[in-house]
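Hi there,

Here is the structure I promised to pass on. Please have a look at it first, and then read my notes below.

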Amino acid sequence: MIAFTEDEYYDETFNDLQLANEELSSVRFYDCTFRNCDFSEAAFSACKFSGCTFESCNLNFIKILDSEFADVSFVKCKVVGVNWTEADWPRTAGRRMLSFNQCTISHSTFIGLKLPGCAIVDCMAKNADFREAELADTSFAGSDLTESLFGDTTLTGADFSRATGYAINPTQNRIQKAKFMLPEATSLLYNMDIEIVD
């Protein structure tokens, strides 16, 4: 099924597309909205998404080889098992390149990416890999980060309010001015050679 016949789309809204396991190559989308679309296990090759919004879409296990994402929002989407390192990112990252709200992004990989000011809010983000990523001022508010990996991660100014399940070693990550809430914040002490008494 060929859903896209043009090379570029502007301000379009796409509803209920069924593109599971399909391949999209060199298509560019600007300020487009995708609603209730199934892209599960689809392959995006050298595509571009700028200012786009995905609402209630299934993007589980998509491949994004050499594709560009700039100011893209995902709302109530399934975005499980995506290797974001395969995308084509600019050398100097702009802010808000990606925004996830009420999404499931578990088992996804963000290793080494520069995504300052990104949003991962009220998400299920279990087993995600954020090692060596630059995530300054990113909001993880309300997200479940159980078994997600942080190591040599820049989290200065990040917001972990209402977030749960995180295991962040303060000596191996940059967390200056980051926001944490009790009781979850006590997990920051687990990696220190101290004894906590009642």
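**Aromatic pairs**

A search of the whole structure turns up 35 aromatic pairs. Rings of Phe, Tyr and Trp (its six-membered ring) are counted as a pair if their centres lie within 6.5 Å, and the planes make the pair stacked when under 30 degrees apart, edge-to-face when over 60 and tilted for the rest. Phe-14 and Phe-29 are edge-to-face, because their ring centres are 6.0 Å apart and their planes stand at 90 degrees. This pair links distant parts of the chain, with Phe-14 in strand 2 (residues 13–15) and Phe-29 in strand 4, 15 residues apart. Strands (E, at least two residues) and helices (H or I, at least four) are DSSP runs, numbered from the N terminus.

Buried here means under 20% relative accessible area, exposed means over 50%, and partly exposed is in between (1.4 Å probe, protein chains only).

Phe-100 and Phe-110 form an edge-to-face aromatic pair too, at 6.4 Å centre to centre and with 85 degrees between the planes. Phe-100 sits in strand 11 and Phe-110 in the loop between strand 11 and strand 12, so the pair ties together parts that are 10 residues apart in sequence. Both Phe-100 and Phe-110 are buried.

**A word on the model**

Before the rest, please keep in mind that this is a predicted model, in which local features need pLDDT of at least 70 and side-chain atom pairs count only at pLDDT 80 or more, while totals for chains, interfaces and linings use all residues. Residues are numbered from 1 along each chain as its sequence is written, and side-chain values use heavy atoms, with hydrogens and water left out.

**The sheet**

Phe-29 also has a place in the strand pairing: its bridge partner in strand 7 is Phe-49. Strand 4 (residues 28–30) and strand 7 (residues 48–50) run parallel and are joined by 3 bridges. Two strands pair if DSSP finds at least two bridges between them. There is an open sheet of 4 strands with parallel pairing, in the order 1-4-7-9. Its edge strands are strand 1 (8–10) and strand 9 (68–70), each of which pairs on one side only.

**The core**

The largest nonpolar core has 60 residues, and those touching the most other members are Phe-29, Phe-34, Phe-39, Phe-74, Trp-84, Leu-98 and Phe-100. Strand 10 (72–75) and strand 11 (98–101) each supply at least two residues of this core. A nonpolar core is a set of buried Ala, Val, Leu, Ile, Met, Phe, Trp, Tyr and Cys residues joined through side-chain atoms within 4.5 Å.

What is Phe-39 in contact with, leaving aside its neighbours within four places in sequence? The partners are Leu-17, Leu-19, Ala-20, Phe-34, Phe-44, Phe-54, Asn-58, Leu-59 and Ile-62. Contact means heavy atoms within 4.5 Å.

**Salt bridges**

The structure holds 6 salt bridges, each a side-chain nitrogen of Lys or Arg within 4 Å of a carboxyl oxygen of Asp or Glu. One of them joins Glu-8 to Arg-28, with the closest N and O atoms 3.0 Å apart. Glu-8 counts as partly exposed at 32% relative accessibility, as does Arg-28 at 28%.

Glu-55 and Arg-35 also meet through their side chains in a salt bridge (2.8 Å, N to O). Here Glu-55 is in strand 8 (residues 53–55) and Arg-35 in strand 5 (residues 33–35), so parts 20 residues apart in sequence are tied together. Glu-55 is partly exposed, with a relative accessible area of 27%, and Arg-35 is partly exposed at 33%.

A further salt bridge joins the side chains of Arg-162 and Asp-122 (3.0 Å, N to O). Arg-162 and Asp-122 are both in the segment after strand 12, 40 residues apart.

**Thr-153**

Thr-153 is placed in the segment after strand 12 (119–121) and is buried, with a relative accessible area of 0%.

Enjoy looking around!

Best wishes
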